[in-house]
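The structure is shown first, and the discussion follows.

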Amino acid sequence: MNTSRAILLKLGSVAGFVSMSSLIKAASDGIPPGEAVFFRSLFAIPVILLWLKIDGNLRRGLRTQNPLGHLWRGLVGTAAMGLNFSALGMLPLPEVTAIFFAAPILTVIFAAMFLGEQVRAFRLAAVALGMVGVLIILSPRLTALSEGELSSTQTLGAILALMAATFAALAKIFVRKLVGTEHPATIVFYFSLTATALSLFTLPFGWVVPTPIQALFLILAGIIGGVSQGLLTTAFRHADASMIAPFDYASMLLALVIGYFVFSEVPTGPMLAGAALVIAAGILIIWRERQLGLDRKTPGQAMTPGGQ
């Protein structure tokens, strides 16, 4: 165990994923979400293959015993990614980041529903706290439907971000099932492969030729996403998941900084208050699961902070 190295790797992956989201947002004007998913997934594949080769897991990463499981995980994960990219084009970066923090909270609910996990009073209270936070974040958007086109667009963005978090939580459930037979490297590789293939089904819905700067941003998003995934997976070798998972929430600070200085996005009071509650709930859930011995080390290696 090398906790300091694990934390640095985790923070590096978090910074990378926030940068990736920022690049997607910067390129989102006129670029369909399905096309953004294609670039993000396709250009991550060479990075992932290189990482597997250097890591000595290339052969293991390409071998699977459950192709159908990867397909289902790919379907829900790709849906989460596409919905998240759609929301990024409609809402401030920090707000999308804050709403997406609902995913770990929803995972607790889905684990009880689909995996039969027992959820006692403490975690139920944390889930309730987190959902109150989500409602606080969403409340200005859901009450603004009659205030014009911009508000309606942002309301739709908030709904899409919450749907993305829901699909990301479902993706985590599929990952927890896959890790019974599959290596994390296999899950990482086949998700990128599946997402690339699935994104091509959105071609009839109006792909466009990106401008040179948009193409650069999209390609960089894919490369940075692949690098960040490698950093994340390597971090879990040096510390338990419960030790480094709370550092996911550093993405909120980074999103606030990038949103303010790059996109001129000023956070609102409800967004900050709701995000604080959601983050507190997430940390409480992580702490409680560690107390109960429900360490998520192996599934965590195959998931990005966004669940994508």
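Axes are lines fitted to C-alpha atoms, for helices over the stretch in contact, and angles run from 0 to 180 degrees between N-to-C directions. Helices are DSSP runs (H or I, at least four residues), numbered from the N terminus. The model is a predicted one, in which local features need pLDDT of at least 70 and side-chain atom pairs count only at pLDDT 80 or more, while totals for chains, interfaces and linings use all residues. Residues are numbered from 1 along each chain as its sequence is written, and side-chain values use heavy atoms, with hydrogens and water left out.

**Helix packing**

Two packed helices are described by the angle between their axes and the distance between the axes. For helix α5 (residues 67-88) and helix α6 (residues 93-100), the axes come within 9 Å and cross at roughly 150°. Contact here means heavy atoms within 4.5 Å. Helix α5 contributes Asn-84, Ala-87 and Leu-88, and helix α6 contributes Leu-93, Val-96 and Phe-100. Sorted by class, the contact of α5 with α6 comprises 5 nonpolar residues, 1 polar residue and no charged residues; in this scheme Ala, Val, Leu, Ile, Met, Phe, Trp, Tyr, Cys and Pro are nonpolar, Asp, Glu, Lys and Arg are charged, and the others, Gly among them, are polar.

Pro-92 is placed in the loop between α5 and α6. Leaving aside residues up to four places away in sequence, Pro-92 touches Lys-25, Arg-141 and Glu-265. The C-alpha atoms of Pro-92 and Ala-250 are separated by 17 Å, and these residues are 158 residues apart along the chain.

**Salt bridges**

Side chains of opposite charge can pair when their charged atoms come close. With a salt bridge defined as a side-chain nitrogen of Lys or Arg within 4 Å of a carboxyl oxygen of Asp or Glu, the count comes to 6 salt bridges. The table lists some of them.

| Pair | N to O distance |
|---|---|
| Lys-10 and Asp-248 | 2.6 Å |
| Asp-55 and Arg-237 | 2.0 Å |
| Glu-117 and Arg-176 | 3.3 Å |

The salt bridge of Lys-10 with Asp-248 has its closest N and O atoms 2.6 Å apart. This pair links distant parts of the chain, 238 residues apart, with Lys-10 in helix α1 (residues 3-26) and Asp-248 in the loop between α12 (241-244) and α13 (250-263). Lys-10 and Asp-248 are both buried, where buried means under 20% relative accessible area, exposed over 50% and partly exposed in between (1.4 Å probe, protein chains only).

For Asp-55 and Arg-237, the closest N and O atoms are 2.0 Å apart. Asp-55 lies in helix α3 (residues 45-55) and Arg-237 in the loop between α11 (212-235) and α12, so the pair ties together parts that are 182 residues apart in sequence. Asp-55 is partly exposed at 26% relative accessibility, and Arg-237 is partly exposed at 39%.

Glu-117 and Arg-176 meet through their side chains at 3.3 Å, N to O. Here Glu-117 is in the loop between α7 (102-114) and α8 (121-142) and Arg-176 is in helix α9 (residues 149-178), a link between distant parts of the chain, 59 residues apart. Glu-117 and Arg-176 are buried.

**Aromatic rings**

Rings of Phe, Tyr and Trp (its six-membered ring) pair if their centres lie within 6.5 Å; planes under 30 degrees apart count as stacked, over 60 as edge-to-face and the rest as tilted. By this rule there are 8 aromatic pairs. The ring centres of Phe-189 and Tyr-190 are 5.1 Å apart and their planes stand at 75°, so this pair is edge-to-face. Phe-189 and Tyr-190 are buried. Tyr-260 and Phe-261 have ring centres 5.1 Å apart and planes at 85°, so that pair is edge-to-face. Tyr-260 is partly exposed, with a relative accessible area of 46%, whereas Phe-261 is exposed at 65% relative accessibility. One aromatic cluster is formed by Phe-38, Phe-39, Phe-43 and Trp-207.

A charge sits over a ring if NZ of Lys or CZ of Arg is within 6 Å of the ring centre and within 35 degrees of the ring normal. The charged end of Arg-73 sits over the ring of Phe-191, 4.1 Å from its centre. Arg-288 lies over the face of Phe-122, at 5.5 Å from the ring centre.

**Loop residues**

Ala-239 is located in the loop between α11 and α12 and is buried, with a relative accessible area of 2%. Its C-alpha atom is 8.8 Å from that of Ser-4, a residue 235 residues apart from Ala-239 along the chain. Ser-264 is found in the loop between α13 and α14 (269-291). Although Ser-264 is not a glycine, its phi is positive, about 55°, and Ser-264 is exposed at 60% relative accessibility.

How values were computed
Helix = DSSP H or I, 4+ residues; strand = E, 2+ residues; numbered from the N terminus.
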